[in-house]
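I opened the model to look up a few things about its sheets, its core and its chain contact. My entries follow in the order I made them.

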Amino acid sequence: MKVTFWGTRGSLASPSPETIRYGGNTSCVSVEGSDGTVIVLDAGTGIRKLGQSLPPDIRRVNILLTHLHMDHIQGLPFFLPLRRRGVEIHIWGPASTTLALNSRLQKYLSPPLFPVSVRELSADLHFHELPGHVIEIGEFSIHAQLIIHPNPTIGYRIQCDHAAITYLPDHEPALGSHTFPLEKEWTSGYTLAEGSDMLIHDTQYTEEEYQTRVGFGHSSIRHAFQFASLTGVKHFIPFHHDPTHSDDDLDRMFKQIVDELNPSYEVTPGCEGSSLEVAC
Amino acid sequence: MSQQEIEVILSRHLAEYLAMPIFIVNPVGDLIFYNEPAEVILGTRYSETGSMPASEWATRFQPTDPEGKPIPPEELPLVIAITQRHPAHKIFWIRALDNTVRELEVTALPLIGQADRFLGGIAIFWERSRK
């Protein structure tokens, strides 16, 4: 499967000369299968460019939302296939105890926050709430599970025949732990990430920043690397970079932690515009 | 290895920070976590026992009514919470390992997660008196 990073930034789009290499767009990753199946992970501002790159005759797109915070849905109305008649768009996202997924998305996709409402989009829209079951889409089996982040938030494990990638862009597994990591059984996200060929995981804060942001729902870089070790992943992609971290900051932070921990897995920080192959 | 559900993990974290004894059980009633104050009631340490089958924990602390008559497991609030899936409350007495007799007030709730997933139950103990 081909994994492409269209947005790697967390919280707020932050384009600037200082963020060119890692990118300024918010969370969006596409996963393409050999049979043409397209999975889109989150609809941050990065999804706009993805929409432009998809073939005009594409018939179906599957968008898997981890949660509905603005940096994960802001690009949705700018996703070109949503405006094409005859395209089937399936949107998956966390269930709520009160409003349906469709209704919650309409809070953003309606005036005064946005001039176009969901019902004005031309594509054939289908909404699905998670978790609850394994989703089968094309050649992929997708496991969805709640993870620690404010408001119901889902992590995904996308499995093909012989490989799996795990997507946990907003995740604070260390929340409430006196010591981290805890036992595997008591670690949020463990089942989704265990033995994964690729883990895309939140690395929003430095150790110092995390001390004043406990409970915000994000990981320190150290906690994320510890989580990757605990779960035995093969390739770790630091992701959801803080808007205040420049390219040079991120270079320095990742080099420092890799030098210190000497992880047994490969590390490739998430960069907007980059693609990686995972053999199925 | 599979992990606990996220609502259960968060319940454990909350329990670890509270000074009241708390038990957390899974849907079949096995005690999957108890906090430090609860260790006094059970007379064991979680770090030593790990999880405990329902048949063991429900009889281990020998709950009795005011007349000293044993209370069967099915009448304990936590057992009611998971078998009947509604809140339950009871006052009973136990003899702890330090030989003190404690009068406890217990409230138990079923744990229902997102999408109506039944995840087990939680019991919070309150000590009313001891002798």
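How many bridges pair strand 4 of chain B with strand 5 of chain B, and in which sense do they run? I counted 12 bridges, and the sense is antiparallel. I note at the outset that this is a predicted model.

**Confidence**

I checked the scores next. The model has ipTM 0.78 and pTM 0.90. For chain B, the mean pLDDT is 90. I also noted that 98% of the residues of chain B reach 70 or more.

**Chain B strands**

I went back to strand 4 of chain B, residues 101-113. Strand 5 of chain B covers residues 117-130. The two form a hairpin, with three residues between them. In the turn I found B:A115, which has a positive phi of about 60°. Within this pair, B:L104 stands opposite B:E127 of strand 5.

Strand 4 of chain B also pairs with strand 3 of chain B, residues 88-95. That pairing is antiparallel too and has eight bridges. Here I found B:A88 opposite B:A108 of strand 4.

**Chain A sheet**

I then traced a sheet in chain A. It is open and has seven strands, in the order 7-8-9-10-11-12-13, with mixed pairing. Strand 7 (135-137) and strand 13 (266-267) are the edge strands, each pairing on one side only. Helix 5 of chain A, residues 221-231, packs on this sheet. Helix 5 touches strand 11 and strand 12 (235-239) of chain A. I read an angle of about 155° between the direction of helix 5 and that of strand 11.

**Strand 10 of chain A**

Is strand 10 of chain A mostly covered or mostly open? It is mostly covered: five of its five residues, 164-168, are buried. I looked at which way they point. A:A164, A:T166 and A:L168 go one way, while A:I165 and A:Y167 go the other.

I took its two partners in turn. Strand 9 of chain A, residues 154-159, runs antiparallel to strand 10 and is joined to it by four bridges. These two strands make a hairpin with four residues between them. I logged two positions in this pair. A:Y156 has A:Y167 as its bridge partner, and A:I158 stands opposite A:I165.

Strand 11 of chain A, residues 198-202, runs parallel to strand 10, again with four bridges. On this side, A:L168 stands opposite A:H201.

**Core**

Which residues touch the most other members of the largest nonpolar core? I listed A:V29, A:V40, A:A43, A:I63, B:F23, B:I24 and B:L78, out of 102 residues in that core. Helix 5 of chain A gives the largest share, five residues. As a general reminder, nonpolar side chains tend to be buried together in soluble globular proteins.

Beyond its neighbours within four places in sequence, its contacts include A:V3, A:F5, A:W6 and A:L41. A:V29 is also in contact with A:Y167 and A:I200.

**Chain contact**

Last, I looked at where the chains meet. The contact takes 16 residues from chain A and 11 residues from chain B. I sorted the chain A side by class: nine nonpolar, five polar and two charged residues.

Definitions and conventions
Residues numbered from 1 in each chain as written. Chains lettered and ligands numbered in written order. Predicted model: local features only at pLDDT ≥ 70, side-chain atom pairs only at ≥ 80, totals over all residues. Buried ≥ 20, exposed ≤ 12 C-beta atoms within 10 Å, placed from the backbone. Pairing = 2+ DSSP bridges. Contact = placed C-beta atoms within 7 Å. Nonpolar A, V, L, I, M, F, W, Y, C, P; charged D, E, K, R; others polar. Axes fitted to C-alpha atoms, helices over the stretch in contact; angles between N-to-C directions. Core = buried A, V, L, I, M, F, W, Y, C linked by C-beta atoms within 7 Å. pLDDT = per-residue confidence, 0-100.
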